[in-house]
Structures are given as C-alpha cells and as structure tokens.
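Trainee: I am new to this structure. Can we go through the labels and what stands behind them?

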Amino acid sequence: MRIKVVRIPYFIQLSNNAVKKMFGIEVEEILFDESIPSLGYKGQNTPAYLCPAGLVRMVKEFRHFTEQYKTNIDFLKKQNEPFKTGIEFLEIEYSRNAFSS
C-alpha cells in the first residue's frame, strides 16, 4: 500500500478552488469559504512571525492561491497594525517575486 502525504499550509483554506488546484477534482459539497481570512495578529500567525525563508515560502504558496492572498492582505490592512502583522514584509516579497511561481 502506498500513502501520499499532502502538506496544506495553515494559511490556505481548503476551499473548493484549492481542492481543484491541488488534486484536480471538483467537490460538489461546499468546503471552506476562501473569503474568510486565515491570518491575523491575535493568533500570532502573520508574516511578522516568520523568518525570511518562511516568508518566501508563504509567498510561493499564495502565488497558487491568489484569491486567498487578496483576502488575507485586505484583512491585514484592515487590522491597521503594520508592526504586529508584518504586512509590508508580505507585500514586498509578493511584489519582488511577481513573475515567479
């Protein structure tokens, strides 16, 4: 028996779009709502808590799920806590790697 392990980052909602992109299948039932942000400074899971390599990895994952990037970046901006969220780190890295995926 073969087992395949799939790593899903904590900041990616397992939405219908994500399942289709990751596994190439469409699920009829409604999964997670990707319009709900998965990052927030109260949970200490924002770019501010990442090392540089973690930030690069986060951006790489968000490149595949651009709608979730937009949801999270908009939510972090609404927090109006740039020091606690580290939003500028994420925006800089995302724009720096605009053509890599």
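**Rings and helices**

Mentor: Start with the rings. This is a predicted model, and the structure holds four aromatic pairs.

Trainee: Why is the pair of Tyr 10 and Phe 11 called edge-to-face?

Mentor: Their planes stand at 90°. The ring centres are 5.1 Å apart, and the limit for a pair is 6.5 Å.

Trainee: What makes Phe 11 count as buried?

Mentor: Its relative accessibility is 6%. Buried means under 20%, so Phe 11 qualifies.

Trainee: Why is Tyr 10 called partly exposed?

Mentor: Tyr 10 has a relative accessible area of 45%. Exposed needs over 50% and buried under 20%, so Tyr 10 falls in between.

Trainee: What makes the pair of Phe 11 and Phe 62 tilted?

Mentor: The angle between the planes is 50°. Stacked is under 30 degrees, edge-to-face over 60, and the rest tilted. The centres lie 5.0 Å apart. Phe 11 sits in the segment before helix 1, Phe 62 in helix 2, 51 residues apart. Both are buried.

Trainee: Which residues do ring pairs link into a cluster?

Mentor: Tyr 10, Phe 11, Phe 62, Tyr 69 and Tyr 94. Arg 63 also lies over the face of Tyr 94, at 3.7 Å from the ring centre. The distance limit there is 6 Å.

Trainee: At roughly what angle do the axes of helix 3 and helix 5 cross?

Mentor: Roughly 145°, with the axes coming within 10 Å. The crossing is left-handed. Tyr 69 of helix 3 and Tyr 94 of helix 5 are among the contact residues.

Technical notes:
Residues are numbered from 1 along each chain as its sequence is written. This is a predicted model: local features need pLDDT of at least 70, side-chain atom pairs count only at pLDDT 80 or more; totals for chains, interfaces and linings use all residues. Side-chain values use heavy atoms; hydrogens and water are left out. Axes are lines fitted to C-alpha atoms, for helices over the stretch in contact, and angles run from 0 to 180 degrees between N-to-C directions. Helices (H or I, at least four residues) and strands (E, at least two) are DSSP runs, numbered from the N terminus. A crossing is left-handed if the near helix is turned anticlockwise from the far one by less than a right angle, and right-handed if clockwise. Contact means heavy atoms within 4.5 Å. Rings of Phe, Tyr and Trp (its six-membered ring) pair if their centres lie within 6.5 Å; planes under 30 degrees apart count as stacked, over 60 as edge-to-face and the rest as tilted. Buried means under 20% relative accessible area, exposed over 50%, partly exposed in between (1.4 Å probe, protein chains only). A charge sits over a ring if NZ of Lys or CZ of Arg is within 6 Å of the ring centre and within 35 degrees of the ring normal.
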